[in-house]
Amino acid sequence: MKKFNIRKVLDGLTSSSSSAAHTGAAKENDAVPESLQSEHFQLCKTVRHGFPHQPSSMAFDPVQKILAVGTLNGALRLFGRAGVECYCQHESGAAVIQLQFLINEGALVSALADDSLHLWNLRQKIPAILHSLKFNRERITYCHLPFQSKWLYIGTERGNIHIVNVESFTLSGYVIMWNKAIELSTKTHPGPVVHISDNPMDEGKLLIGFECGVVVLWDLKSKKADYRYNYDEAIHSVDWHHEGKQFVCSHSDGTLTTWNIRTPAKPTQIITPHGKQPKDGKKPEPCKPILKVEYKTTRAGDPFMVLSGGLSYDTVGRRACLTVMHGKSTAVLEMDFPIVDFLTLCETPYPNDFQEPYAVVVLLERDLVVIDLGQIGYPIFENPYPLSIHESPVTCCEYFADCPAELIPALYSVGSRQKRQGYSKKDWPINGGNWGQGTQSYPEIVITGHADGTIKFWDASALMLQVLYKLKTAKVFERARGKEEKANTDIVDEDPFAIQTLSWCPESRMLCVAGVSAHVIVYRFSKQEAAAANVQLLEVRMQCELSDTDSPDPGGEQTPTQASSVPPSPQEGDAPATASSQPSAGGNGSNPSSDGQRDNMPCLQVRSSPLKQSPGYQVELVVQLVWVGGEPPQPITSLAINSSYGLVVFGNSNGMAVVDYLQKTLLLNLGTSELHGASEPYQRQPCSPRKARQPSGALCDSSDGPNAAEERCKSPNSGSTSPCNSDDERKAKFIKKVKYKSRRFSKTVANDFARMSRKISSSNEHKLPLNMAAKDAFKLLYQWCRCLVSVTPQKWSNDNLPNSSHFSLLLSQVTVHPKITDCSLKGALCFPNPDSKDNSVSRSRSSSVTSIDRESREAVCAFCFCETSPRKSSDGVPGPCVLVGTSQGSVMLLAISLPPGDDQRLIQPVGISSCGTVARLKGGILTMALLDAAGAALPASYEPWYDPNASDEEKEKERSRWRRPASPPSSQEGHDSQFAVLCSEKQAKVVAMPSQTRVHKHNITESSFVLRADVVQMAAANCIACFCANGHIMTLSLPSLRPLLDVNYLPLTDMRIARTFCFSNLGQALYLTSPTEVQRITYSQETCDNLQEMLSELFTPVETPEAPNRGFFKGLFGGGAQSLDREDLFGETASGKASRSLAQHIPGPGNMEGMKGAASGVVGDLARARVALDERGQKLGELEERTAAMMSSAESFSKHAHDMMQKYKDKKWYQL
């Protein structure tokens, strides 16, 4: 597995962008211990789950029981038993055209579209390439590796066949040229090689199939063709009978031809499986090509013939089929997707024995199916792999690590009842490999939302992925039966039930889901079936209304934000924005306005009939946003649920709403500007709802007269007014009409203004006359004003241009389209002063000019339930609150007032009050969290799970265990007791609470922006994990915001990654790397160190089955299989060396572990030779040392002998 080098930051070194705003707070924070260091972080990929994206080829090892799948982007996926998966990638990224296992050797050969061969070592947990061979002058079209052979046959596009030694990965000098294989009288090229196989009974005979329809039986020893078989139609595949006397070919006209090897003149049988047989004996009508055929024999019955394709041409629109012919019966099995490849699984790996097929593995474009051939009806096996992630496109994803231990068994118990029936009763046949022996034991859950409205819960523990439970949210709504019933869903052209975002509380098991059709569904978990009942519905009318109190006084001094009280419930006061707060039982009312526009209509129709809910997640409440004045509701951008408070909060570009799902009432419905407050220093200009595009020149509705406009502009509480006779009344009436018409200002005019502003700003470059550019702009503005009010203007000429004073009063009273604010309009249209001598038009340097073409509406994009003091004073008592983050970097605080006691919760209303803005950051807010004084995360309070459908006694027993986590200790006098962690697209801040003073600040990125940020737990501490659009993954310590990790991991190449990337606790993360695959990564050093133990093993020691017994008579008379010494034919001694320019050998990056793992078997011969050579050298060294010692000993002995001889040479024998 590839590890990424990281740029670690020295501990204690803070970035230049980090700063402390409050000296006292910073000194106090220095005492907060931080245990996380850079050494705790390391980024690497772990496993990949899901179906291989764009599969292209497949292979199976019948002894190891391992399946390999290659893809068009050069990826390899290997599958064994449930939980045994592996992912590999070719560096070139070329398509995998064919795979060949070295059966029971722990090795795999892959052939790519860039004419390269690669030998993979599968004996190690992370497979690696040992050798590569790149062809330079020939294109690879087909490969064949006989069982227990080290010589690989390579067919090319030119029709030649080369032979490769898989041990050394070098070419042999033995080559079969196409012009020698075909008849000399043939005048045309036979085409590419489409098939190579050796005779099961004679390894010296090689069957070669060419695309044109010619099949050649080649004698390897004599180097000539024994027989040639010709057919008029092109060949797609060939397969042998196990006795080696017959073979079957599939052709492009939908026919199957059976040939006897000794009668090449004509085929012994020609059949068209799906062709209509004429009665007059003529040739059947041609059918579609049979792309592949396999011929497998059985010992006790008729043979099996399995083929793909071959359907008649009159079956237009019919799905892909797999045909199984067994004896006189023919079964046609329809597939959901086109067939890429299929393999027949047999009991024996020997081709010269009865095959005894038991299953067929079918690789489809978007699925993998295994068919049981041993049962009647050919049922399929239940697939244990997580290949159904893409059953419907994934639209959102959430990752939860270290969940409650009882959660996975509970989800599995209700999900097991959803399994389909009719599967094969046998075990999954692809059962090779062993599970990893990792120490990671904490439960992990992944939740995926899909385009069809389904939500899937996955068990992701221990690097595995298994589906637990599937929830269909579309059951809540009525299904559109015709085109006329789809009118209400035109907010989304396709997939109106798609999941936009979700919020889940693992402890209470409460689930809240938001869909693209502006609907929110609250679910409660139950192990028992609920009685049929109508769906509880709450309709909310969210819009950003304008009022005179919305705009701050431009000339006044901005005062500090004061806590503004908000009516706690619709019954107690007038809501700031209209809402249908009374829950209804299923039906949706449609209230079209007087001018035919839709109003108070939801996008989807909730089912009116009672809904029967099975065990699992059951609907508690449905909240729908409705159309407002012909304008569809804006999509929901943020969502949160809290089970302890019984509240759901959601927001969009219009504002936010708080719903009490226990009382089924709407508590709060505010626009973003109302959240800021009238004297808010961070307030944004209020925006009118975006209107549908209208044609130019029809900006005003002719049916809306002055009286109608006046009536609509009246306050709901105002009485009848007197006739407007005075100038003041006319002026007031004029301003009201202008305000009303400004809300109906269409996007067309906004685009016209943006286009005109660019024209004016570029007038100097194009040398446009000032009067012409300015005149066009002013005429456009005049036409817009004329649509707003009915006045008779003075005609303007080229020399009589208006200046800014003509429009100052109008612009000060008019609130224009969201794309054009007052300042941006003035910046774009810089009115020239007629008294000024400088007639040039200068372009405003403010950012408002460039923001004309962008949507400037401030959306609510993040929520965080917490318990803190809503007041800035240090004597405040912590209480339930919710932090609200917007797309323009503002963070507001709302205080929640809950009724005292659980018995009053369902009776008394919940109070909500705004506490103003806490902080402001650059970019949209992504995540928020609360820390205590010691730097530990303060999770939101929750209630333990209880079964809502249990008996009253069990409910009371469960309710007695209800607890609400103790509130944080009240702040000491003069000290802050909490830290609020705020992270946006550009920067992160830590704010001391409740004083709301900034403690730390860190600019995360300047040139890019953060896509996903989460406050996660890591090594018993907390940090911020960020994923940026430029591909960097970073972590920051808390609360000091020290950089701990910065890795350039993956640049954003697809919005799918941005939509699905998510962090989790304990250093885990995942994202959707393709439409069908999930990639899991870790940024934990501990997990990276233990990854080898956690990964599964692909290769397990298994004895190769014994070869079939030849029998006494076959051995006596030579009727058995004949072996061939290929070394004598293909070795360098016999065939010589191959041309060096034909192919280039490239050593692979396989490490010593892989070489040691391959030390047994055919592939390990070379490794054993190297080891033996090292041992021989070591022994030679030891022998040399011993020889030197013996020589030294001999010299010493010789010296002593010479001295003794000199001593006694002159003495007589009797003198001794």
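Modeller: What follows is a chat about the fold, the cores, the rings and some backbone details.

Colleague: Before we start, what should I keep in mind about this model?

Modeller: It's a predicted model, where local features need pLDDT of at least 70, side-chain atom pairs count only at pLDDT 80 or more, and totals for chains, interfaces and linings use all residues. Residues are numbered from 1 along each chain as its sequence is written, and side-chain values use heavy atoms, with hydrogens and water left out.

Colleague: OK. How many helices and strands are in the protein?

Modeller: 20 helices and 61 strands. Those are DSSP runs numbered from the N terminus, with helices being H or I of at least four residues and strands E of at least two.

Colleague: And what percentage of the residues is buried?

Modeller: Of the 1216 residues in the protein, 53% are buried. Buried means under 20% relative accessible area, exposed means over 50%, and partly exposed is in between, with a 1.4 Å probe and protein chains only.

Colleague: What about contacts between residues at least 6 apart in sequence: what share joins residues at least 24 apart?

Modeller: That share is 61%, where a contact means heavy atoms within 4.5 Å.

Colleague: Which residues have the most contacts inside the largest nonpolar core?

Modeller: Phe 457 and Tyr 617, in a core of 36 residues. Helix H3, residues 407–415, gives the largest share of this core, with five residues. A nonpolar core here is a set of buried Ala, Val, Leu, Ile, Met, Phe, Trp, Tyr and Cys residues joined through side-chain atoms within 4.5 Å.

Colleague: What does Tyr 617 touch, leaving out residues up to four places away in sequence?

Modeller: Its partners include Leu 411, Phe 457, Tyr 469, Leu 471, Trp 504 and Arg 509. Leu 511, Tyr 523, Arg 524 and Phe 525 are also among the residues that Tyr 617 touches.

Colleague: Where else does an Arg sit over a ring?

Modeller: Arg 48 has its charged end over the ring of Tyr 87, 3.8 Å from the centre. The cut-off is NZ of Lys or CZ of Arg within 6 Å of the ring centre and within 35 degrees of the ring normal.

Colleague: How many aromatic pairs does the structure hold?

Modeller: There are 25. Rings of Phe, Tyr and Trp (its six-membered ring) pair if their centres lie within 6.5 Å; planes under 30 degrees apart count as stacked, over 60 as edge-to-face and the rest as tilted. One of the pairs is Phe 147 with Tyr 350, edge-to-face at 5.0 Å centre to centre and 85 degrees between the planes.

Colleague: Why does the Phe 147 and Tyr 350 pair tie together parts that are 203 residues apart in sequence?

Modeller: Because Phe 147 is in the loop between strand S10 (140–144) and strand S11 (151–156), while Tyr 350 is in the loop between strand S26 (339–346) and strand S27 (357–364). Phe 147 counts as buried at 18% relative accessibility, and Tyr 350 counts as buried at 9%.

Colleague: Switching to the backbone, which residues does a cis peptide bond join, with omega about 10 degrees?

Modeller: Met 993 and Pro 994. Pro 994 is in the loop between strand S52 (987–993) and strand S53 (997–1003). A cis peptide bond also joins Leu 1038 and Pro 1039, with omega about 5 degrees. Pro 1039 lies in the loop between strand S56 (1032–1037) and strand S57 (1043–1048).

Colleague: And what is phi of Ala 462 near?

Modeller: Phi of Ala 462 is near 55 degrees, a positive value in a residue other than glycine. Ala 462 is in the loop between strand S31 (454–459) and strand S32 (466–472), and is partly exposed at 37% relative accessible area.

Colleague: Is Ala 1020 buried or exposed?

Modeller: Ala 1020 is exposed, at 74% relative accessible area. Its phi is near 60 degrees, again positive in a residue other than glycine, and its place is the loop between strand S54 (1010–1018) and strand S55 (1021–1028).
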